[in-house]
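The following briefing is meant to be read beside the sequence and the coordinates. It moves from a local surface feature to the chain as a whole, and then to charged side chains.

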Amino acid sequence: MSSLYTRSKEFTRNRKSQSDSPPASPSPTAKTFRHERLSRLESGSSNTTTSDSYDRASARARREARLASLTSRVEEDSNRDYKKLYESALTENQKLKTKLQEAQLELADVKSKLEKMAQQKQEKTSDRSSMLEMEKRERRALERKMSEMEEEMKVLTELKSDNQRLKDENGALIRVISKLSK
């Protein structure tokens with residue numbers, strides 16, 4: 001019974017250690033250890049102390065392998081040169097900042113050009129409208145002058161006719177006076 005108890009303890013320890021470690025495919029040695037262990041359990045070997053010590057040795061070997069992989073990761077992390085990474089990130093940030101500033105300057109330039117064009121267009125339309133208003137005023141003034149001249153022409157024709165009538169009357173009076181004086 002004690003051998004079963006120790007096996008179940010190791011089984012739970014193995015479960016915990018597997019969940020603590022990152023997921024990875026089992027190594028070929030771990031597969032063989034597991035296969036041998038299962039075959040011993042199935043055959044019901046009578047030598048439980050040997051299997052216990054073998055299980056402990058395999059668990060210790062797995063722990064050491066896991067520790068070795070963790071230390072190799074820590075060494076890889078420490079081998080990374082964080083200063084170089086920081087400097088490269090800093091230079092990249094500087095490049096991006098300069099590009100951003102250039103883009104902002106270009107945007108401001110385009111906005112100013114757009115505003116100038118809008119002002120010119122507005123001035124042209126206001127100039128056109130003012131020109132149209134001036135032309136309308138001039139046209140009205142010319143129409144008034146034409147109507148006034150037409151009125152004057154009517155008056156002139158009336159005056160000419162009156163003048164002709166007066167000339168005729170004057171001529172008739174002169175003839176009457178000349179006949180009376182003879």
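**Surface, fold and salt bridges**

Val155 is partly exposed, its relative accessible area being 42%, and this residue is found in helix H4. The model is a predicted one, and the points below are grouped by topic.

**Surface patches**

- Together with Met153, Leu156 and Leu159, Val155 forms a nonpolar patch on the surface, and the accessible area of these residues together is about 380 Å².
- A patch of negative charge is also present on the surface, where Glu148, Glu150, Glu151 and Glu152 gather; of these residues, Glu152 lies in helix H4, which covers residues 82-181.

**Fold and confidence**

- The protein chain has four helices and zero strands, so that its elements, read from the N terminus on, follow the order α-α-α-α.
- Of the 182 residues in the protein chain, 7% count as buried, while the chain exposes about 16,600 Å², of which carbon and sulfur atoms supply 57%.
- The mean pLDDT of the protein chain is 79, with 68% of its residues reaching 70 or more.
- Within the protein chain, confidence is highest in H4, at a mean of 92, and lowest in helix H1 (residues 2-20), at a mean of 50.
- Where pLDDT is low, the predicted coordinates should not be read in detail.

**Salt bridges**

- The structure holds five salt bridges, and among the residues involved are Asp162, Arg165 and Glu169, which are linked in a network of such contacts.
- Asp109 and Lys113 meet through their side chains in a salt bridge with an N to O distance of 3.7 Å; because the two residues are four apart in helix H4, about one helical turn separates them. Asp109 is partly exposed, at a relative accessible area of 38%.
- A salt bridge at 3.8 Å, N to O, joins the side chains of Arg137 and Glu133, both of which lie in helix H4, four residues or about one turn of the helix apart. Arg137 is exposed, with a relative accessible area of 53%, whereas Glu133 is partly exposed, with a value of 44%.
- The side chains of Glu143 and Arg139 likewise meet in a salt bridge, at 4.0 Å from N to O, and these two residues of helix H4 are also four residues apart, about one turn of the helix. Glu143 counts as partly exposed at 47% relative accessibility, whereas Arg139, at 58%, counts as exposed.

How values were computed. Residues are numbered from 1 along each chain as its sequence is written. This is a predicted model: local features need pLDDT of at least 70, side-chain atom pairs count only at pLDDT 80 or more; totals for chains, interfaces and linings use all residues. Side-chain values use heavy atoms; hydrogens and water are left out. Patches are made of residues with over 30% relative accessible area and no salt bridge: like charges are joined within 9 Å, nonpolar side chains (Val, Leu, Ile, Met, Phe, Trp, Tyr) within 5 Å. Accessible areas come from the Shrake-Rupley method with a 1.4 Å probe; for residues, only the protein chains shown count as cover. Lys and Arg count as positive and Asp and Glu as negative; His and the chain ends are not counted. The place of a charge is taken as NZ of Lys, CZ of Arg, CG of Asp or CD of Glu. Buried means under 20% relative accessible area, exposed over 50%, partly exposed in between (1.4 Å probe, protein chains only). pLDDT is the predictor's confidence in each residue, from 0 to 100.
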